[in-house]
Amino acid sequence: MRDEYLELFIDNMGEATSRREVPASSIDKYRGVLPDRLLAYWQQEGWAGYAGGRFWTVDPDEYTPLLREWIKRSELADIDDYHVIGRTGFGTFYLWGQRYHRKVTVSCADNWVLAMKDEAQTPNPDPDRSLGVFFALAEPDDFDFEDNEEKPSFRACSANARAAQRIRDVRVRASAGCGWSSADREPSKNGHECSSDDFASA
């Protein structure tokens, strides 16, 4: 059953648009490392994407190499051992410290790390509540990225990405039908000249 924090999160962000099960081994690995509330969310919701991909809960292990690269550039490496618990579609990462249980934000796009140094070194008296509040207050625009006109850009970027993927798919199908080599874009020996009919049917 979803708790009140997760209910608010789903009310604001909508149901997951993508999801995968979290193995029991991952739950066991992070027991006592990450808040119990987060592990409960993993069990209930899986690692999932919300608001069309604006925000994702993630497998921390998949981001460990990237995290190390970022952490070594800051003082955080001397403060706590951090794990990625979420990310945005634009490459902002949300970290959780296993010693003091404080959240840190890393923005790859803006090239900054957001953390209150004094707070980061102070034990969190209620990690589960802090984690719950983070989820409960989340809204889609929080995980968007403003363009040069200070307008949210996720929707436009997603549409452009889908359009680019469709173009790539059409080219692949057209190349296969016309006997083109994807490596050098030259007709193969068994190929024929492409016509508008080939693309119309792709």
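## Strands 3 and 4 in the sheet

Two strands are taken to pair if DSSP finds at least two bridges between them. In this predicted model, strand 3 (residues 55-57) and strand 4 (residues 82-88) are joined by 3 bridges and run antiparallel. Within strand 4, the residue standing opposite F55 is T88.

These strands belong to an open sheet of 7 strands, arranged in the order 1-2-3-4-5-6-7 with antiparallel pairing. Strand 1 (18-20) and strand 7 (112-114) lie at the edges, each pairing on one side only, and from one strand to the next the twist averages 20°.

The hairpin of strand 6 and strand 7 has 4 residues between the strands, with N111 taking a positive phi near 60°. Strand 6 is mostly covered, since 4 of its 5 residues are buried.

## Helix 6 on the sheet

Helix 6 (residues 127-136) packs on the sheet, where it touches strand 3, strand 4, strand 5 (92-97) and strand 6 (103-107), and its direction makes about 165° with that of strand 5.

The buried residues of helix 6 are P127, L131, G132, F134, F135 and A136. The elements that cover these buried residues include helix 1 and helix 3 (36-45), together with strand 3, strand 4, strand 5 and strand 6.

## Helix 1 against helix 6

The axes of helix 1 (residues 4-13) and helix 6 come within 7 Å and cross at roughly 20°; the two helices are therefore roughly parallel to each other. Their crossing is left-handed.

On the side of helix 1 the contact is made by Y5, L8, F9 and N12, and on the side of helix 6 by R129, G132, V133, F135 and A136. By class, this contact has 6 nonpolar, 2 polar and 1 charged residues. G132, F135 and A136, which take part in the contact with helix 1, are also among the buried residues of helix 6.

How values were computed. Residues numbered from 1 in each chain as written. Predicted model: local features only at pLDDT ≥ 70, side-chain atom pairs only at ≥ 80, totals over all residues. Heavy atoms only, no water. Axes fitted to C-alpha atoms, helices over the stretch in contact; angles between N-to-C directions. Parallel < 35°, antiparallel > 145°, perpendicular 65-115°, else oblique. Left-handed = near helix turned anticlockwise from the far one by under 90°. Contact = heavy atoms within 4.5 Å. Nonpolar A, V, L, I, M, F, W, Y, C, P; charged D, E, K, R; others polar. Buried < 20%, exposed > 50% of the residue type's maximum accessible area, 1.4 Å probe, protein only.
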